[in-house]
Amino acid sequence: MAGELTGQKIAFLVAPEGVEQVELTEPWEAVRSAGGQPELVSTQQGTIQGFNHLDKADTFPVDRVVDDVSSADYDALVLPGGVANPDFLRTHAGAVAFAKQFFAEGKPVGAICHAPWTLIEADVVRGRTVTSWPSLQTDLRNAGATWVDQEVVTDQGLVTSRKPDDLPAFCAKIVEEFTEGRHEGQRRSA
């Protein structure tokens, strides 16, 4: 895996709190180990608060504020889960627009657990096959997606997974998709 993402800058978009820590740290390490440069993007400066389910965990410094960046600054996007994290992001217009830009540019995106809520708000799941935490399946179907119960699903550069137990498969697949680069099929969702 070392070197596959050399020269690539990968955005990790999270809210100031509520991100499931392991869904941030394991993909971050996978990107870093593959030679990529991960950057933590949030809706405000300072630090974000990670969680282990409902318990506070570690804090992490924000590299960039979403209103000050563009998808043009990055090669790919990772949306970690946690319940509160994507619920907050889907109410922030700048975060939703930032996520949607990756689809418009055909750039790969990885979303795990509850993270597809942000993609529903961005209106980029219509006609896509995805997975997520099971409680999102009705929301995803109502947004026009086909929901399946699998550990990892890839659809034209969009990688989705259900939960922390799926992280090994999710991390391997995002590195693979990010290495491939742009996927023209992503544009059909934007």
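This is a predicted model: local features need pLDDT of at least 70, side-chain atom pairs count only at pLDDT 80 or more; totals for chains, interfaces and linings use all residues.
Strands of a sheet pair through backbone hydrogen bonds, either parallel or antiparallel. In this model, three strands form an open sheet in the order β2-β4-β5. The pairing is mixed. Strands β2 (17-20) and β5 (55-61) stand at the edges. Each has a single partner strand, so one side of each lacks a neighbour in the sheet. On average, neighbouring strands are turned by 40° against each other, direction ignored. Strand β4 covers residues 47-52 and runs antiparallel to β5. Five bridges join β4 to β5. Isoleucine 48 has phenylalanine 60, in β5, as its bridge partner.

Helix α1, residues 21-33, packs on this sheet. The helix touches β2, β4 and β5. Its direction makes about 55° with that of β2. Helix α1 has 13 residues. From first C-alpha to last, α1 reaches 18 Å, close to the 18 Å expected at 1.5 Å a residue. The buried residues of α1 are Gln21, Glu23, Leu24, Pro27, Ala30 and Val31. Glycine 35 follows the helix, and its phi is positive, near 95°.

Side chains of opposite charge can pair when their charged atoms come close. The whole structure holds 12 salt bridges. In one of them, the side chains of lysine 9 and glutamate 39 meet at 3.8 Å, N to O. This pair links distant parts of the chain. Lysine 9 lies in strand β1 (residues 9-13), and glutamate 39 lies in strand β3 (residues 37-42). The two residues are 30 residues apart. Lysine 9 is partly exposed, with a relative accessible area of 22%. Glutamate 39 counts as buried, because its relative accessibility is 10% and the limit for buried is under 20%.

Another salt bridge joins arginine 90 and aspartate 87, at 2.7 Å, N to O. Arginine 90 is partly exposed at 27% relative accessibility. Aspartate 87 is also partly exposed, at 33%. Glutamate 105 forms a salt bridge with lysine 107. Their closest N and O atoms are 3.0 Å apart. Glutamate 105 counts as partly exposed at 21% relative accessibility, whereas lysine 107 is buried at 5%. Salt bridges that share partners also join Lys9, Glu39 and Arg64 into one network.

The largest nonpolar core has 31 residues. Leu13, Val41, Leu77, Leu79, Phe98 and Leu119 touch the most other members. Several elements give two or more residues to this core: β1, β7 (76-79), α3 (93-104), β8 (109-112) and α4 (116-121). The largest share, six residues, comes from α3. Phenylalanine 98 makes contacts along the chain, leaving aside its neighbours within four places in sequence. Its partners are Ala11, Leu13, Val41, Val66, Val69, Ser70, Ser71, Tyr74 and Leu77. Another core, of 26 residues, lies apart from the largest one. Its members include Ile10, Val78, Ala169 and Val175.

Notes: Residues are numbered from 1 along each chain as its sequence is written. Side-chain values use heavy atoms; hydrogens and water are left out. Two strands pair if DSSP finds at least two bridges between them. Helices (H or I, at least four residues) and strands (E, at least two) are DSSP runs, numbered from the N terminus. Axes are lines fitted to C-alpha atoms, for helices over the stretch in contact, and angles run from 0 to 180 degrees between N-to-C directions. Contact means heavy atoms within 4.5 Å. The expected span of a helix is 1.5 Å times one less than its number of residues. Buried means under 20% relative accessible area, exposed over 50%, partly exposed in between (1.4 Å probe, protein chains only). A salt bridge is a side-chain nitrogen of Lys or Arg within 4 Å of a carboxyl oxygen of Asp or Glu. A nonpolar core is a set of buried Ala, Val, Leu, Ile, Met, Phe, Trp, Tyr and Cys residues joined through side-chain atoms within 4.5 Å.
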